[in-house]
Amino acid sequence: MRILSLLGLMLGLAVVAPVRADTVVVSAAKMIDVVAGRVVDRPQVVVTDGRITAVGHQGDAIPTGARRIDLGSRTLLPGLIDMHVHLTLDPTISGYRGLEFTDNFWTVVGVASARKTVEAGFTTVRNVGSSNYDDVALKQAIEHGYVPGPRIVPATYAIGATGGHCDTTEFPPSMQMPNPAVADGPEAIRATVRKLRKYGAEVIKFCATGGVLSKTDSVGGQQYSLEEMKALVDEAHQLGLRVAVHAHGTAGINDAIRAGADTIEHCSLADAESFKLAKQHGTWFSMDVYNDDYILAEGAKNGVFAESLEKERAIGRKQRETFKAAHAAGVKMVFGSDGGVYPNGDNGKQFATMVQWGMTPMEAIQAATVNAGEALGRSKDVGAIAVGRYGDMIAVDGDPLNDVGQFTHVPFVMKGGEVVKSVQ
């Protein structure tokens with residue numbers, strides 16, 4: 001190095017010393033290998049410049065000068081993935097109460113929600129619907145270090161039919177509420193997909209049926225034809241984007257699967273035919289089976305419409321029964337909680353409901369890690385503690401295979417090799 005420096009000075013050149021890679025070594029008592037579905041004793045994970053470069057056991061050689069993080073008796077897991085959140089929603093401000101706030105207020109709500117979500121152990125989320133391209137703004141702010149938060153896969157606006165669940169249906173005709181993602185007919189829908197991609201969408205979300213929290217529509221009524229769905233999915237796939245579909249009703253679920261959608265959200269009234277189609281097409285189910293408890297307990301005081309509460313009473317338990325049946329039938333499933341319908345940051349509460357309704361703890365963990373990474377199409381980056389993937393890891397105090405309640409209080413979070421939340 002000295003000879004090179006002298007040569008550089010003689011030639012009038014600036015000589016820059018090589019930059020040392022940032023390396024951190026993480027160890028713990030146990031690790032959940034979500035790919036193999038097994039527990040590893042005394043793991044040791046090496047992360048260099050944000051990505052995992054070695055996964056072994058304590059005592060293995062480590063790079064000189066590496067930082068050490070020993071998590072003691074805790075259990076190490078991959079950073080969790082929630083496939084269905086709305087970071088820019090606050091469930092305590094529901095119904096018409098939102099009219100008290102200016103449009104960009106919700107961006108700031110998203111900043112607070114992003115911090116709560118990543119500190120809860122969810123290092124990657126798919127934000128499936130926000131106004132004003134707020135999720136793209138939030139993603140950019142996180143990536144440039146202005147605010148803390150998870151990796152965001154943004155959908156921007158959710159596409160929907162006029163008068164449907166993804167339209168604004170709570171106002172009279174005298175109040176115009178423009179929505180750039182309301183589209184009817186195959187060509188208008190194709191153009192909308194292109195527009196959302198232009199402005200930052202990395203996944204396309206559309207509403208195939210009615211919903212719980214919208215007014216004037218039936219929760220299960222189909223709102224797009226099979227022809228319209230095929231046009232949307234074809235356009236999105238042509239652009240390299242995956243498609244998530246809001247669908248409660250049976251007919252809408254089945255047509256969305258036939259159209260080639262990648263994930264179906266909610267799936268409340270899916271039937272045996274739905275399960276058969278999903279297995280044939282490789283479609284993932286993303287079912288928000290926790291939030292029924294929150295909506296029915298807190299919705300009335302938060303301003304949720306009375307008719308929405310009636311819909312929830314009619315659909316909530318049925319959705320959980322469908323979750324159990326879909327799992328038993330062998331449908332591929334991912335973790336999707338609908339954060340924002342309940343408080344963002346409480347995502348981990350859903351694990352207990354998933355186990356209560358049929359999954360083993362390992363299966364629930366895999367739904368929020370390796371399965372979700374595959375469904376996102378980002379298995380090279382997220383979803384497991386494996387060489388080449390991001391250094392996204394969490395640790396819990398106890399054994400999550402005996403108690404998934406451990407995910408409601410995650411003491412250690414690392415994202416891309418950087419500690420987001422450290423043990424006390």
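C267 has a relative accessibility of 0%, so it counts as buried (buried is under 20% relative accessible area, exposed over 50%, partly exposed in between, with a 1.4 Å probe and protein chains only). You'll find C267 in the loop between strand 13 (263-266) and helix 7, where it takes a positive phi of about 60 degrees despite not being a glycine. Helices are DSSP runs of H or I with at least four residues, strands are runs of E with at least two, and both are numbered from the N terminus.

The structure does hold one disulfide. C166 and C207 form it, with their sulfur atoms 1.8 Å apart. C166 lies in the loop between strand 10 (151-154) and helix 4 (186-198) and C207 in strand 11 (residues 203-207), so the bond ties together parts that are 41 residues apart in sequence. Both C166 and C207 are buried.

## Ground rules for the model

This is a predicted model, where local features need pLDDT of at least 70 and side-chain atom pairs count only at pLDDT 80 or more, while totals for chains, interfaces and linings use all residues. Residues are numbered from 1 along each chain as its sequence is written, and side-chain values use heavy atoms, with hydrogens and water left out.

## Domains and cores

The domain assignment gives domain 1 (23-78 + 386-422) and domain 2 (80-345); such bounds come from an automatic or database domain assignment. Their centres, taken over C-alpha atoms, are 31 Å apart. The contact between them takes 12 residues from domain 1 and 11 residues from domain 2, where contact means heavy atoms within 4.5 Å.

The largest nonpolar core has 72 residues, and I204, F206, I264 and F285 have the most contacts inside it. (A nonpolar core is a set of buried Ala, Val, Leu, Ile, Met, Phe, Trp, Tyr and Cys residues joined through side-chain atoms within 4.5 Å.) Domain 1 and domain 2 both give residues to this core, so it lies between them. A second, separate core has 16 residues, including M31, I52, L71 and A395.

## Helix 7, side by side

In helix 7 (residues 272-281), S274, F275, L277 and A278 are buried. They cover an arc of only 165 degrees around the axis, which puts them on the same side of the helix; the arc is that of the directions from the helix axis to the C-beta atoms. These buried residues pack against helix 6 (250-258), strand 14 (284-286) and helix 9 (306-329). The face turned away from the buried side carries the exposed residues A272 and Q280.

The two ends of helix 7 have details of their own. At its start, a side-chain oxygen of D271 comes to within 3.1 Å of the backbone nitrogen of E273. Just after the helix, G282 takes a positive phi of about 75 degrees.

Most residues other than glycine have a negative phi. T156 has a positive phi of about 55 degrees although it is not a glycine. T156 lies in the loop between strand 10 and helix 4, and at 0% relative accessibility it counts as buried.

T23 is in strand 1 (residues 23-27) and is buried at 11% relative accessibility. Its side chain joins that of T48 in a polar contact of 3.3 Å (a pair of N or O atoms within 3.5 Å; within protein, one must be able to donate a hydrogen and the other to accept it, and residues adjacent in sequence count only if both atoms are side-chain atoms). G339, in the loop between strand 15 (332-334) and helix 10 (350-356), is buried with a relative accessible area of 0%. K380 is in the loop between helix 12 (370-376) and strand 16 (393-396), and at 74% relative accessibility K380 counts as exposed.

Terms used:
Disulfide = S-S within 2.5 Å.
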